[in-house]
Amino acid sequence: METIQAKSILSPYHEGDQWFGGNYTCNLYRGCCHGCIYCDSRSACYGIEDFDTVRAKKGAIPLFRRELKAKRRGGIVFAGAMSDPYNPFERSLNLTRQSLEAVRDYGFGVALTTKSDLVTRDIDLLLEIKRHAPALVLLTVTTVEDSLSRRIEPNAPPPSRRFAALEELSRAGIFAGILMTPVLPFLEDTTENVRAMAERASGCGGKFLYAQFGVTLRQNQRDYFYKQLDRHFPGLSARYQRQYGDRYFCQSPQAPALSQCCREECRARGLLSSQKEIISAYQDGYEPEQLRFF
């Protein structure tokens, strides 16, 4: 791990129709060591060299507090858009935990996306935030199989631990569910995976299962992804090249059938499956004026 000087933490304000209703995004870390072979943040457009090296932002928390205090509009702070807020170094550095304390203190809401069960450490703060503003946790799980996960997400906690985290969050009263994206064509795009995911999400008390059946590929990321496919799944990168060429979004050929399967499984198990439903549900009970100004 390395440190870099923080220049800014909080993005400008966006209306609540952004990703899962977020109004602001924040990244306390740059880079990630989970090693996911499909991560879009490796793309050249983001300018993150040696993405597998985590860089903590020096002075991040005082700066984050100043930025929150200066905001003239309240809203939902979304963490995890570029780098997982619960990388292994967070256990000792506590940057994400300290940022949640700031979110609580300044009356904002929060949405977190992560692959780590370390998020359960901060249930106490999420409950405190929930008293005055929405709090949402999205646990990214793309396969129910720990064995497959070890090859495509080698350093992330296995799905079994993420499902256990979902159960703990749900039992505590946190609005949480599964973010099933990306779903890798020819590896994870099966109805069996979708049905098992819905069953596990429901059984752990999750509120939703949101899925996108495909993966994005662009400069830098594509080369890295293909090298890892050649290493772990010989011949599969050639199949991708024949199927997708230089296409940015590589949608699973089974996407329509899988989407229908996901909707049916979610409906049968009482899970939400669309962003509109999820946003409405986790923000329910907070007046529009609260969401805007808190």
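These legends go with a set of close-ups of one predicted model.

A word on the ground rules: this is a predicted model, in which local features need pLDDT of at least 70 and side-chain atom pairs count only at pLDDT 80 or more, while totals for chains, interfaces and linings use all residues. Residues are numbered from 1 along each chain as its sequence is written, and side-chain values use heavy atoms, with hydrogens and water left out.

**View 1. The whole chain, before zooming in.** The chain has 12 helices and 11 strands; these are DSSP runs numbered from the N terminus, helices being H or I with at least four residues and strands E with at least two. Its C-alpha trace spans about 50 × 45 × 30 Å along the principal axes. The radius of gyration is 19 Å, which agrees with the value near 19 Å for a compact globule of 294 residues (taken over C-alpha atoms; the globule rule is 2.2 Å times the number of residues to the power 0.38). Of the 294 residues, 55% count as buried, where buried means under 20% relative accessible area, exposed over 50%, and partly exposed in between, with a 1.4 Å probe and protein chains only. Take the contacts between residues at least 6 apart in sequence: 78% of them join residues at least 24 apart (contact means heavy atoms within 4.5 Å).

**View 2. Met1 and the residues around it.** Met1 sits in the segment before β1 (2-5) and is partly exposed, at 43% relative accessible area. Leaving out neighbours within four places in sequence, Met1 touches Val54, Ala56, Phe89 and Leu93. Met1 and Phe89 are 88 residues apart in sequence, yet their C-alpha atoms are 7.9 Å apart in space.

**View 3. Two aromatic pairs.** Rings of Phe, Tyr and Trp (its six-membered ring) pair if their centres lie within 6.5 Å; planes under 30 degrees apart are stacked, over 60 edge-to-face, and the rest tilted. That rule gives 13 aromatic pairs. In one of them, Trp19 and Phe20 have ring centres 4.8 Å apart and planes at 85°, so the pair is edge-to-face. Trp19 is partly exposed at 34% relative accessibility, whereas Phe20 is buried at 0%. Phe186 and Tyr240 make an edge-to-face pair too, at 5.5 Å centre to centre with 80° between the planes. This one links distant parts of the chain: Phe186 is in the loop between β8 (175-180) and α7 (191-203), Tyr240 is in helix α9 (residues 236-244), and 54 residues separate them. Tyr240 is buried, at 0%.

**View 4. The ring cluster around Phe186, and two arginines over rings.** Ring pairs join Phe186, Phe225, Tyr226, Tyr240 and Tyr244 into a cluster. Phe186 also has the charged end of Arg239 over its ring, 3.8 Å from the centre. Elsewhere, Arg42 lies over the face of Tyr224, at 3.8 Å from the ring centre. A charge sits over a ring if NZ of Lys or CZ of Arg is within 6 Å of the ring centre and within 35 degrees of the ring normal.

View 5. Cys204 is buried, at 11% relative accessible area. Cys266 is in no disulfide either, with its nearest cysteine sulfur, that of Cys262, 4.0 Å away. Cys266 is buried as well, at 1%.

Notes:
Disulfide = S-S within 2.5 Å.
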